[in-house]
Amino acid sequence: MADWEMRPASVADVEAVAELRAVVLRADLERLGRYDEQRVRQRLRNAFAPAHTWVIEVGGAFAGCVSLRPAEDAHWLEHFYLAPHLQGSGIGTAVLRRLLEQCDRDDTLVRLNVLQGSPARRLYERHGFTLETEDPVDVFMVREPALAVRDK
């Protein structure tokens, strides 16, 4: 696995994140008949919250991002994108593990949604996420905090 770091996102990161989102989601959105060249980027711009987002860097270069947005009853794991050439390298697993360990220590439920048929669903299932509900486009998943970490 390549050396990676996470740093807090800034407003200046929005375009790099929007472009990565378009690249990463394109195949799944096209398969679902939902890909729109402008909309895929604009939805990210409209929802981008640097205060709850981290940029993933590999070798000091932009490689991805992830958000963990607090909500009333849980944190929402959102905008988790990793450059295609780094997918499958273990970085996504390591980033997810780090975030979930913090949520476990804080006794926080985590929610997310993933597109139907996305290979990312397997990553989330391996980390304890279970199906909450689904529709023709999205799969909504939830993960309870791990007891072993909370009791330490």
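Select Thr 108 first: this residue counts as buried because its relative accessibility is 13% (buried means under 20% relative accessible area, exposed over 50%, partly exposed in between, with a 1.4 Å probe and protein chains only). The model is predicted, so local features need pLDDT of at least 70 and side-chain atom pairs count only at pLDDT 80 or more, while totals for chains, interfaces and linings use all residues. Residues are numbered from 1 along each chain as its sequence is written, and side-chain values use heavy atoms, with hydrogens and water left out.

Thr 108 sits in the loop between α3 and β5. Helices (H or I, at least four residues) and strands (E, at least two) are DSSP runs, numbered from the N terminus. Show the surroundings of Thr 108: apart from neighbours within four places in sequence, Thr 108 is in contact with Ala 74, His 75, Cys 103 and Pro 145 (contact means heavy atoms within 4.5 Å).

Next, colour the strands. They make an open sheet of seven, in the order β1-β2-β3-β4-β5-β7-β6, and the pairing is mixed. The edge strands, each pairing on one side only, are β1 (4-8) and β6. From one strand to the next the twist averages 30° (axes are lines fitted to C-alpha atoms, for helices over the stretch in contact, and angles run from 0 to 180 degrees between N-to-C directions). Two strands pair if DSSP finds at least two bridges between them. Strands of a sheet pair through backbone hydrogen bonds, either parallel or antiparallel.

Select α3 against this sheet. The helix α3 packs on the sheet and touches β1, β2 (53-58), β3 (61-70), β4, β5 and β7; the direction of α3 makes about 165° with that of β4.

**Strand by strand**

- β2 and β3: six bridges pair these strands in the antiparallel sense. Select Glu 57, whose bridge partner in β3 is Phe 62. At the turn, two residues lie between the strands of this hairpin, and Gly 59 takes a positive phi near 60°.
- β3 and β4: the pairing is again antiparallel, over six bridges. Leu 68 stands opposite Leu 77 in β4, and the hairpin of β3 and β4 has four residues between the strands.
- β4 and β5: here the strands run parallel, joined by two bridges. His 75 stands opposite Val 110 in β5; His 75 is also one of the contacts of Thr 108.
- β6 and β7: β6 (residues 130-134) and β7 (residues 138-143) run antiparallel, with four bridges. Thr 130 faces Val 142 in β7, and three residues lie between the two strands of this hairpin.

**The largest pocket**

The largest pocket holds about 1,200 Å³ of space. Of the 42 residues lining this pocket, select the closest to its centre: Leu 25, Phe 80, Tyr 81, Asn 113 and Val 114.

Elements giving two or more residues to the lining are α1 (14-31), α2 (39-47), β4 (75-82), α3 (91-105), β5 (110-115) and α4 (120-126). Which element gives the most to the lining of the largest pocket? It is β4, with seven residues.

A pocket is an open set of points on a 1 Å grid over the protein atoms alone, where a 1.4 Å probe fits, with protein on both sides within 12 Å along at least five of seven lines; lining residues have an atom within 4 Å of a point. Grid points are joined across faces, edges and corners, and a volume is the space filled by probe spheres set on the points.
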